[in-house]
Amino acid sequence: MQVEIKDIRKYFGSVKANDGISFTLEAGKVYGILGENGAGKSTLMKILSGFQPPDSGQIIMDGEAEAFAFPADALDAGIGMLYQEPLDLPPFRVLENYQLGGDKGIRLNDKESRAELDALSKRYEFEIDADEYIEDLTLGERQQLELMRLLAGGAQLLILDEPTTGISAEQKEILFDSIRKLAHEEGKSLILVSHKLSEVQELCDYVFVIRRGKLVGESKIPCPTQKLVKMMFEEVPPRSERPAYPLRDAALEIRDLAIDTYRLSVDQINLEVMKGEVFGLAGLEGSGQDLLMRACAGFIQPSGGAITVHDKEITRHSLHESQAEGVAYVASGRLEEGLVEGLSLSEHMVLAAPEHSFFIDWGSNETVTSERIDRFQVVGRPDSNVEELSGGNQQRFLFAMLNNPLKLILMEHPTRGLDIRSVNYIWERLYERRDEGTAIVFISADLDEIIERSDRIAVFSGGKMSRIVAAKDTSVDELGHLIGGQE
(Lines give C-alpha, C1' and ligand atoms only; values in the text may rest on other atoms or scores of the structure.)
Protein backbone atom coordinates (compact mmCIF):
# COMPACT_ATOMS: atom_id res chain seq x y z
CA MET A 1 0.00 0.00 0.00
CA GLN A 2 1.33 3.43 -0.98
CA VAL A 3 0.36 6.39 1.23
CA GLU A 4 0.88 9.99 0.16
CA ILE A 5 0.75 12.86 2.63
CA LYS A 6 -0.08 15.93 0.52
CA ASP A 7 0.19 19.53 1.78
CA ILE A 8 -1.17 18.78 5.27
CA ARG A 9 -1.88 21.89 7.34
CA LYS A 10 -3.15 22.12 10.91
CA TYR A 11 -3.26 25.32 12.96
CA PHE A 12 -4.10 25.85 16.63
CA GLY A 13 -4.74 29.57 16.83
CA SER A 14 -1.51 31.23 15.74
CA VAL A 15 0.50 28.01 16.18
CA LYS A 16 1.25 26.27 12.88
CA ALA A 17 1.50 22.67 14.06
CA ASN A 18 1.68 21.35 10.47
CA ASP A 19 2.48 23.84 7.74
CA GLY A 20 2.23 22.21 4.32
CA ILE A 21 3.84 18.80 4.94
CA SER A 22 4.12 16.40 2.00
CA PHE A 23 5.85 13.03 1.58
CA THR A 24 5.18 9.50 0.30
CA LEU A 25 5.39 6.14 2.09
CA GLU A 26 6.03 2.90 0.21
CA ALA A 27 5.13 -0.63 1.29
CA GLY A 28 7.74 -2.82 2.96
CA LYS A 29 9.76 -0.01 4.55
CA VAL A 30 10.29 1.45 8.00
CA TYR A 31 10.24 5.25 8.09
CA GLY A 32 11.49 7.45 10.89
CA ILE A 33 9.80 10.75 11.77
CA LEU A 34 12.22 13.02 13.64
CA GLY A 35 11.91 16.42 15.24
CA GLU A 36 12.24 18.18 18.55
CA ASN A 37 9.36 18.33 21.05
CA GLY A 38 6.55 20.46 19.67
CA ALA A 39 7.81 20.20 16.07
CA GLY A 40 4.46 18.84 14.86
CA LYS A 41 5.17 15.10 14.69
CA SER A 42 2.36 14.04 17.02
CA THR A 43 -0.16 16.29 15.26
CA LEU A 44 0.73 14.82 11.88
CA MET A 45 0.46 11.25 13.17
CA LYS A 46 -2.92 12.00 14.77
CA ILE A 47 -4.17 13.32 11.44
CA LEU A 48 -2.83 10.29 9.58
CA SER A 49 -4.45 7.89 12.08
CA GLY A 50 -7.85 9.63 12.10
CA PHE A 51 -7.56 11.05 15.61
CA GLN A 52 -8.10 14.59 14.34
CA PRO A 53 -8.81 16.14 10.92
CA PRO A 54 -6.42 18.43 9.02
CA ASP A 55 -7.41 22.02 8.26
CA SER A 56 -6.40 21.34 4.65
CA GLY A 57 -4.46 18.83 2.58
CA GLN A 58 -5.04 15.20 1.64
CA ILE A 59 -4.16 11.65 2.59
CA ILE A 60 -4.00 9.60 -0.62
CA MET A 61 -3.90 5.80 -0.39
CA ASP A 62 -3.12 3.83 -3.54
CA GLY A 63 -4.23 6.81 -5.61
CA GLU A 64 -7.51 7.42 -3.76
CA ALA A 65 -8.06 10.41 -1.45
CA GLU A 66 -9.27 9.42 2.03
CA ALA A 67 -10.92 11.39 4.83
CA PHE A 68 -11.07 10.01 8.38
CA ALA A 69 -13.57 11.18 10.97
CA PHE A 70 -12.43 8.68 13.60
CA PRO A 71 -9.47 6.33 14.24
CA ALA A 72 -11.79 3.44 13.34
CA ASP A 73 -12.16 4.94 9.85
CA ALA A 74 -8.38 5.03 9.46
CA LEU A 75 -8.07 1.42 10.63
CA ASP A 76 -10.77 0.35 8.19
CA ALA A 77 -8.62 1.94 5.47
CA GLY A 78 -5.53 0.13 6.77
CA ILE A 79 -3.82 2.67 9.08
CA GLY A 80 -3.33 1.92 12.79
CA MET A 81 -1.43 3.76 15.50
CA LEU A 82 0.28 2.39 18.59
CA TYR A 83 0.28 5.25 21.12
CA GLN A 84 2.82 5.77 23.90
CA GLU A 85 0.07 4.87 26.37
CA PRO A 86 -1.71 1.75 25.06
CA LEU A 87 -5.47 2.10 24.56
CA ASP A 88 -6.65 -0.74 26.76
CA LEU A 89 -9.01 -1.32 29.68
CA PRO A 90 -7.13 -2.45 32.82
CA PRO A 91 -10.14 -3.98 34.63
CA PHE A 92 -10.50 -6.57 31.86
CA ARG A 93 -8.48 -9.54 30.69
CA VAL A 94 -6.20 -9.73 27.67
CA LEU A 95 -8.76 -11.73 25.67
CA GLU A 96 -11.54 -9.22 26.31
CA ASN A 97 -9.29 -6.30 25.33
CA TYR A 98 -8.32 -8.12 22.15
CA GLN A 99 -12.00 -8.60 21.32
CA LEU A 100 -12.61 -4.87 21.74
CA GLY A 101 -10.24 -4.33 18.84
CA GLY A 102 -12.52 -6.13 16.41
CA ASP A 103 -14.00 -4.11 13.58
CA LYS A 104 -17.52 -5.22 14.58
CA GLY A 105 -17.26 -4.55 18.29
CA ILE A 106 -17.05 -7.27 20.92
CA ARG A 107 -16.91 -10.74 19.47
CA LEU A 108 -18.64 -13.23 21.71
CA ASN A 109 -16.87 -16.23 20.21
CA ASP A 110 -14.10 -16.61 22.80
CA LYS A 111 -12.75 -19.75 21.14
CA GLU A 112 -12.26 -18.01 17.80
CA SER A 113 -10.75 -14.91 19.42
CA ARG A 114 -8.37 -16.98 21.54
CA ALA A 115 -7.22 -18.92 18.46
CA GLU A 116 -6.53 -15.65 16.58
CA LEU A 117 -4.66 -14.19 19.55
CA ASP A 118 -2.58 -17.32 20.02
CA ALA A 119 -1.70 -17.40 16.30
CA LEU A 120 -0.57 -13.76 16.31
CA SER A 121 1.41 -14.25 19.52
CA LYS A 122 3.19 -17.24 18.03
CA ARG A 123 3.94 -15.44 14.74
CA TYR A 124 5.65 -12.52 16.48
CA GLU A 125 7.05 -14.49 19.44
CA PHE A 126 4.98 -12.63 22.03
CA GLU A 127 4.29 -14.40 25.31
CA ILE A 128 0.98 -13.11 26.63
CA ASP A 129 -1.55 -15.11 28.63
CA ALA A 130 -5.03 -14.48 27.21
CA ASP A 131 -6.56 -14.88 30.68
CA GLU A 132 -4.27 -12.40 32.43
CA TYR A 133 -5.63 -9.01 33.47
CA ILE A 134 -4.27 -5.90 31.77
CA GLU A 135 -3.22 -4.34 35.07
CA ASP A 136 -0.88 -7.31 35.62
CA LEU A 137 0.96 -6.83 32.31
CA THR A 138 4.15 -4.88 31.78
CA LEU A 139 4.05 -1.86 29.46
CA GLY A 140 5.85 -3.90 26.81
CA GLU A 141 3.23 -6.65 26.97
CA ARG A 142 0.42 -4.10 26.72
CA GLN A 143 2.09 -2.71 23.58
CA GLN A 144 2.29 -6.21 22.12
CA LEU A 145 -1.44 -6.71 22.71
CA GLU A 146 -2.24 -3.36 21.10
CA LEU A 147 -0.09 -4.24 18.10
CA MET A 148 -1.94 -7.52 17.64
CA ARG A 149 -5.30 -5.74 17.87
CA LEU A 150 -4.23 -3.35 15.09
CA LEU A 151 -3.03 -6.22 12.90
CA ALA A 152 -6.27 -8.12 13.49
CA GLY A 153 -8.10 -4.95 12.43
CA GLY A 154 -6.33 -5.02 9.06
CA ALA A 155 -3.58 -2.41 9.54
CA GLN A 156 -1.17 -2.19 6.59
CA LEU A 157 0.50 1.02 7.79
CA LEU A 158 1.47 0.99 11.45
CA ILE A 159 2.48 4.15 13.33
CA LEU A 160 4.60 3.52 16.45
CA ASP A 161 4.88 6.55 18.77
CA GLU A 162 7.99 6.30 21.00
CA PRO A 163 7.41 2.53 21.36
CA THR A 164 10.51 1.71 23.43
CA THR A 165 9.86 4.23 26.20
CA GLY A 166 9.64 2.45 29.53
CA ILE A 167 9.97 -1.13 28.25
CA SER A 168 12.74 -3.57 29.11
CA ALA A 169 15.70 -4.32 26.85
CA GLU A 170 14.35 -7.85 26.27
CA GLN A 171 10.92 -6.56 25.21
CA LYS A 172 12.59 -3.97 22.99
CA GLU A 173 14.39 -6.70 21.06
CA ILE A 174 11.12 -8.62 20.63
CA LEU A 175 9.47 -5.44 19.36
CA PHE A 176 12.33 -4.73 16.95
CA ASP A 177 12.16 -8.27 15.56
CA SER A 178 8.41 -7.89 14.99
CA ILE A 179 8.94 -4.54 13.21
CA ARG A 180 11.49 -6.09 10.84
CA LYS A 181 9.20 -9.03 10.15
CA LEU A 182 6.19 -6.81 9.49
CA ALA A 183 8.08 -4.60 7.03
CA HIS A 184 10.59 -6.82 5.30
CA GLU A 185 8.74 -10.16 5.31
CA GLU A 186 5.07 -9.15 5.26
CA GLY A 187 5.37 -5.96 3.19
CA LYS A 188 3.68 -3.60 5.63
CA SER A 189 4.74 0.05 6.05
CA LEU A 190 5.79 1.30 9.47
CA ILE A 191 6.39 4.78 10.87
CA LEU A 192 8.68 5.05 13.90
CA VAL A 193 8.35 8.30 15.85
CA SER A 194 11.33 8.38 18.18
CA HIS A 195 13.89 10.67 19.76
CA LYS A 196 16.35 7.79 20.14
CA LEU A 197 18.53 8.20 17.08
CA SER A 198 20.35 4.92 17.71
CA GLU A 199 17.02 3.08 17.30
CA VAL A 200 16.22 5.05 14.16
CA GLN A 201 19.61 4.09 12.71
CA GLU A 202 19.05 0.45 13.64
CA LEU A 203 15.49 0.04 12.34
CA CYS A 204 14.64 2.61 9.69
CA ASP A 205 15.18 2.63 5.94
CA TYR A 206 14.43 6.33 5.50
CA VAL A 207 13.73 9.37 7.71
CA PHE A 208 11.78 12.61 7.44
CA VAL A 209 12.67 15.55 9.70
CA ILE A 210 10.06 18.08 10.87
CA ARG A 211 10.94 21.41 12.44
CA ARG A 212 8.40 24.05 13.52
CA GLY A 213 5.64 22.38 11.55
CA LYS A 214 7.54 22.08 8.27
CA LEU A 215 9.31 19.20 6.55
CA VAL A 216 12.93 20.45 6.57
CA GLY A 217 14.89 17.38 5.54
CA GLU A 218 14.93 13.70 4.65
CA SER A 219 17.59 11.06 4.25
CA LYS A 220 18.28 7.41 3.62
CA ILE A 221 19.50 5.39 6.58
CA PRO A 222 22.26 4.84 7.58
CA CYS A 223 23.08 8.52 7.88
CA PRO A 224 25.60 10.32 10.13
CA THR A 225 23.87 11.02 13.44
CA GLN A 226 25.29 14.53 13.58
CA LYS A 227 23.58 15.29 10.26
CA LEU A 228 20.21 14.15 11.66
CA VAL A 229 20.69 16.22 14.81
CA LYS A 230 21.57 19.32 12.79
CA MET A 231 18.44 18.89 10.65
CA MET A 232 16.34 18.62 13.81
CA PHE A 233 17.77 21.64 15.64
CA GLU A 234 19.62 23.67 12.95
CA GLU A 235 22.72 23.15 15.10
CA VAL A 236 24.19 20.39 17.24
CA PRO A 237 23.11 21.09 20.87
CA PRO A 238 25.97 21.03 23.40
CA ARG A 239 25.70 18.08 25.77
CA SER A 240 25.29 18.94 29.43
CA GLU A 241 27.86 17.48 31.79
CA ARG A 242 27.12 16.19 35.26
CA PRO A 243 28.78 18.67 37.62
CA ALA A 244 30.75 17.53 40.63
CA TYR A 245 29.04 18.00 43.98
CA PRO A 246 30.44 17.30 47.45
CA LEU A 247 28.18 14.67 49.00
CA ARG A 248 27.45 15.11 52.67
CA ASP A 249 24.86 13.91 55.15
CA ALA A 250 22.03 11.54 54.32
CA ALA A 251 18.88 12.89 52.69
CA LEU A 252 17.12 9.52 52.41
CA GLU A 253 17.74 6.51 54.67
CA ILE A 254 16.06 3.16 54.08
CA ARG A 255 16.44 0.41 56.66
CA ASP A 256 15.30 -3.21 56.27
CA LEU A 257 12.45 -2.14 54.04
CA ALA A 258 9.94 -4.81 53.00
CA ILE A 259 7.07 -4.36 50.53
CA ASP A 260 4.48 -7.02 49.78
CA THR A 261 2.06 -6.82 46.84
CA TYR A 262 0.01 -9.46 45.06
CA ARG A 263 2.44 -9.29 42.12
CA LEU A 264 5.85 -9.00 43.75
CA SER A 265 7.54 -8.71 47.12
CA VAL A 266 10.81 -7.03 47.96
CA ASP A 267 12.59 -7.15 51.28
CA GLN A 268 15.77 -6.23 53.11
CA ILE A 269 16.30 -2.98 51.20
CA ASN A 270 19.02 -0.95 52.89
CA LEU A 271 20.52 2.18 51.36
CA GLU A 272 21.41 5.80 51.95
CA VAL A 273 21.11 8.61 49.44
CA MET A 274 23.12 11.69 50.30
CA LYS A 275 22.07 15.32 50.02
CA GLY A 276 22.83 16.47 46.50
CA GLU A 277 23.33 12.92 45.19
CA VAL A 278 21.85 11.63 41.94
CA PHE A 279 20.98 7.99 42.59
CA GLY A 280 19.84 5.64 39.83
CA LEU A 281 17.68 2.52 40.21
CA ALA A 282 18.37 -0.02 37.45
CA GLY A 283 16.53 -3.24 36.70
CA LEU A 284 14.18 -4.95 34.31
CA GLU A 285 10.60 -3.79 34.52
CA GLY A 286 8.87 -5.42 37.47
CA SER A 287 12.08 -6.15 39.39
CA GLY A 288 11.04 -4.15 42.45
CA GLN A 289 12.62 -0.73 41.91
CA ASP A 290 9.23 0.82 41.16
CA LEU A 291 7.84 -0.52 44.46
CA LEU A 292 10.71 1.10 46.35
CA MET A 293 10.08 4.40 44.58
CA ARG A 294 6.34 4.34 45.33
CA ALA A 295 6.89 3.42 48.96
CA CYS A 296 9.19 6.42 49.38
CA ALA A 297 6.61 8.64 47.69
CA GLY A 298 3.75 7.46 49.91
CA PHE A 299 1.78 5.60 47.25
CA ILE A 300 2.06 2.21 48.95
CA GLN A 301 2.62 1.20 52.56
CA PRO A 302 5.65 -0.97 53.40
CA SER A 303 5.10 -4.14 55.40
CA GLY A 304 8.27 -3.58 57.39
CA GLY A 305 11.33 -1.40 57.86
CA ALA A 306 11.74 2.37 57.93
CA ILE A 307 12.05 5.29 55.49
CA THR A 308 13.62 8.51 56.78
CA VAL A 309 14.01 11.86 54.99
CA HIS A 310 16.26 14.44 56.66
CA ASP A 311 16.12 12.48 59.92
CA LYS A 312 12.30 12.40 59.97
CA GLU A 313 10.58 9.05 59.53
CA ILE A 314 7.94 9.01 56.76
CA THR A 315 7.40 5.24 56.53
CA ARG A 316 3.62 5.37 56.91
CA HIS A 317 3.09 8.78 55.33
CA SER A 318 0.56 9.27 52.56
CA LEU A 319 1.50 10.93 49.29
CA HIS A 320 0.28 14.32 50.52
CA GLU A 321 2.06 13.96 53.87
CA SER A 322 5.29 13.07 52.06
CA GLN A 323 4.88 16.12 49.81
CA ALA A 324 4.52 18.29 52.90
CA GLU A 325 7.92 16.98 54.05
CA GLY A 326 9.58 18.11 50.82
CA VAL A 327 9.32 14.89 48.80
CA ALA A 328 8.26 15.22 45.14
CA TYR A 329 7.27 12.42 42.79
CA VAL A 330 7.35 12.62 38.97
CA ALA A 331 5.26 9.74 37.64
CA SER A 332 5.95 7.82 34.44
CA GLY A 333 2.24 7.80 33.55
CA ARG A 334 1.77 11.42 32.50
CA LEU A 335 -2.00 11.40 32.10
CA GLU A 336 -2.64 8.50 34.48
CA GLU A 337 -0.87 9.78 37.60
CA GLY A 338 1.00 13.01 36.87
CA LEU A 339 -1.57 15.20 35.11
CA VAL A 340 -5.36 15.49 34.94
CA GLU A 341 -6.94 15.34 31.52
CA GLY A 342 -9.43 18.18 30.97
CA LEU A 343 -7.67 20.67 33.26
CA SER A 344 -5.67 23.66 32.04
CA LEU A 345 -2.03 24.34 32.87
CA SER A 346 -3.13 27.13 35.24
CA GLU A 347 -5.47 24.75 37.06
CA HIS A 348 -2.64 22.25 37.42
CA MET A 349 -0.46 24.93 39.02
CA VAL A 350 -3.23 25.60 41.55
CA LEU A 351 -3.35 21.91 42.46
CA ALA A 352 0.46 21.74 42.71
CA ALA A 353 0.73 24.72 45.08
CA PRO A 354 2.10 23.73 48.51
CA GLU A 355 -0.60 25.75 50.28
CA HIS A 356 -4.22 26.40 49.36
CA SER A 357 -6.67 29.07 50.43
CA PHE A 358 -10.41 29.13 50.05
CA PHE A 359 -10.20 31.76 47.31
CA ILE A 360 -7.94 31.39 44.27
CA ASP A 361 -6.09 34.42 42.90
CA TRP A 362 -6.37 33.42 39.24
CA GLY A 363 -4.50 36.49 37.99
CA SER A 364 -1.46 35.76 40.16
CA ASN A 365 -1.68 32.07 39.33
CA GLU A 366 -1.68 32.80 35.58
CA THR A 367 1.45 34.91 36.03
CA VAL A 368 3.21 32.06 37.87
CA THR A 369 2.06 29.57 35.22
CA SER A 370 3.38 31.77 32.42
CA GLU A 371 6.74 32.06 34.20
CA ARG A 372 6.99 28.29 34.58
CA ILE A 373 5.97 27.75 30.94
CA ASP A 374 8.74 30.12 29.83
CA ARG A 375 11.33 28.68 32.21
CA PHE A 376 10.72 25.09 31.14
CA GLN A 377 10.15 25.98 27.48
CA VAL A 378 6.72 24.35 27.35
CA VAL A 379 4.90 24.83 24.05
CA GLY A 380 1.53 25.85 25.44
CA ARG A 381 -0.44 28.61 27.18
CA PRO A 382 -1.80 28.92 30.73
CA ASP A 383 -5.31 28.19 29.39
CA SER A 384 -4.20 25.17 27.31
CA ASN A 385 -5.70 21.88 28.44
CA VAL A 386 -2.91 19.50 29.34
CA GLU A 387 -3.97 16.85 26.81
CA GLU A 388 -3.42 19.41 24.02
CA LEU A 389 0.33 19.31 24.72
CA SER A 390 2.65 16.87 22.99
CA GLY A 391 4.03 14.06 25.15
CA GLY A 392 7.38 15.81 25.46
CA ASN A 393 5.76 19.07 26.54
CA GLN A 394 3.63 17.22 29.08
CA GLN A 395 6.87 15.83 30.50
CA ARG A 396 8.40 19.32 30.66
CA PHE A 397 5.31 20.62 32.44
CA LEU A 398 5.55 17.89 35.08
CA PHE A 399 8.91 19.39 36.03
CA ALA A 400 7.53 22.92 35.82
CA MET A 401 4.99 21.95 38.51
CA LEU A 402 7.65 20.99 41.07
CA ASN A 403 7.75 23.26 44.10
CA ASN A 404 10.80 24.79 45.71
CA PRO A 405 12.63 23.97 47.92
CA LEU A 406 12.61 20.17 47.90
CA LYS A 407 14.51 17.62 49.95
CA LEU A 408 14.00 14.63 47.66
CA ILE A 409 12.84 14.20 44.05
CA LEU A 410 11.67 10.74 42.94
CA MET A 411 11.36 10.24 39.17
CA GLU A 412 10.23 7.40 36.91
CA HIS A 413 11.64 7.63 33.37
CA PRO A 414 12.21 11.40 33.67
CA THR A 415 13.22 12.12 30.07
CA ARG A 416 11.06 9.67 28.16
CA GLY A 417 9.79 11.10 24.90
CA LEU A 418 12.16 14.08 25.08
CA ASP A 419 14.53 15.16 22.32
CA ILE A 420 18.26 15.61 22.96
CA ARG A 421 18.03 19.33 23.67
CA SER A 422 15.11 18.84 26.06
CA VAL A 423 16.92 16.03 27.89
CA ASN A 424 19.92 18.28 28.47
CA TYR A 425 17.70 21.15 29.56
CA ILE A 426 15.77 19.06 32.09
CA TRP A 427 18.95 17.66 33.61
CA GLU A 428 20.45 21.15 33.87
CA ARG A 429 17.39 22.18 35.91
CA LEU A 430 17.79 19.06 38.05
CA TYR A 431 21.46 19.86 38.62
CA GLU A 432 20.35 23.26 39.92
CA ARG A 433 18.22 21.39 42.45
CA ARG A 434 21.22 19.25 43.28
CA ASP A 435 23.29 22.36 43.99
CA GLU A 436 20.65 23.28 46.57
CA GLY A 437 21.22 19.94 48.31
CA THR A 438 18.17 18.14 46.89
CA ALA A 439 18.66 14.38 46.55
CA ILE A 440 17.47 12.86 43.27
CA VAL A 441 16.43 9.21 42.85
CA PHE A 442 15.33 8.05 39.42
CA ILE A 443 14.40 5.00 37.35
CA SER A 444 15.22 4.86 33.66
CA ALA A 445 15.01 2.14 31.03
CA ASP A 446 17.88 3.91 29.27
CA LEU A 447 21.04 2.41 30.77
CA ASP A 448 23.18 5.10 29.13
CA GLU A 449 21.18 7.73 31.01
CA ILE A 450 21.46 5.81 34.28
CA ILE A 451 25.27 5.64 34.01
CA GLU A 452 25.78 9.14 32.62
CA ARG A 453 23.58 10.96 35.13
CA SER A 454 24.02 8.96 38.36
CA ASP A 455 26.61 9.10 41.11
CA ARG A 456 25.68 5.62 42.31
CA ILE A 457 23.32 2.94 41.01
CA ALA A 458 21.29 0.32 42.91
CA VAL A 459 20.76 -2.83 40.85
CA PHE A 460 17.45 -4.71 41.15
CA SER A 461 16.77 -8.21 39.90
CA GLY A 462 13.82 -10.49 40.72
CA GLY A 463 12.58 -8.46 43.66
CA LYS A 464 15.98 -8.03 45.31
CA MET A 465 18.45 -5.18 45.42
CA SER A 466 21.56 -7.13 44.55
CA ARG A 467 24.20 -4.42 44.87
CA ILE A 468 25.10 -0.75 44.69
CA VAL A 469 27.76 0.31 42.19
CA ALA A 470 29.55 3.58 41.42
CA ALA A 471 28.39 4.85 38.03
CA LYS A 472 31.92 5.89 37.01
CA ASP A 473 33.19 2.35 37.60
CA THR A 474 30.66 0.46 35.45
CA SER A 475 29.61 0.22 31.80
CA VAL A 476 26.34 -0.37 29.96
CA ASP A 477 27.34 -3.99 29.24
CA GLU A 478 28.26 -4.67 32.87
CA LEU A 479 25.08 -3.05 34.14
CA GLY A 480 23.02 -5.02 31.62
CA HIS A 481 24.52 -8.28 32.91
CA LEU A 482 23.86 -7.29 36.52
CA ILE A 483 20.18 -6.45 36.00
CA GLY A 484 19.82 -9.73 34.14
CA GLY A 485 20.85 -11.53 37.31
CA GLN A 486 24.40 -12.38 36.25
CA GLU A 487 27.28 -11.84 38.64
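Guide: The expected span of a helix is 1.5 Å times one less than its number of residues. Helices (H or I, at least four residues) and strands (E, at least two) are DSSP runs, numbered from the N terminus. This is a predicted model, in which local features need pLDDT of at least 70, side-chain atom pairs count only at pLDDT 80 or more, and totals for chains, interfaces and linings use all residues. Residues are numbered from 1 along each chain as its sequence is written, and side-chain values use heavy atoms, with hydrogens and water left out.

Visitor: What makes the span of helix α6 close to the expected one?

Guide: Helix α6 (residues 169–185) has 17 residues, for which 24 Å is expected at 1.5 Å a residue; from first C-alpha to last it reaches 23 Å.

Visitor: Which residues of α6 are buried, and what places them on one side or on several?

Guide: Buried means under 20% relative accessible area, exposed over 50%, and partly exposed in between (1.4 Å probe, protein chains only). The buried residues of α6 are Q171, L175, F176, S178, I179, L182 and A183. They cover an arc of only 165° around the axis, and therefore lie on the same side of α6; the arc is that of the directions from the helix axis to the C-beta atoms. The face turned away from that buried side carries the exposed residues A169, E170 and E185.

Visitor: Why is the pair of Y31 and Y206 called edge-to-face?

Guide: Rings of Phe, Tyr and Trp (its six-membered ring) pair if their centres lie within 6.5 Å; planes under 30 degrees apart count as stacked, over 60 as edge-to-face and the rest as tilted. The structure holds nine aromatic pairs. In the pair of Y31 and Y206, the centres are 6.5 Å apart and the planes stand at 70°, so the pair is edge-to-face. It links distant parts of the chain, with Y31 in strand β3 and Y206 in strand β9 (residues 206–211), 175 residues apart. Y31 also counts as buried, because its relative accessibility is 4%.
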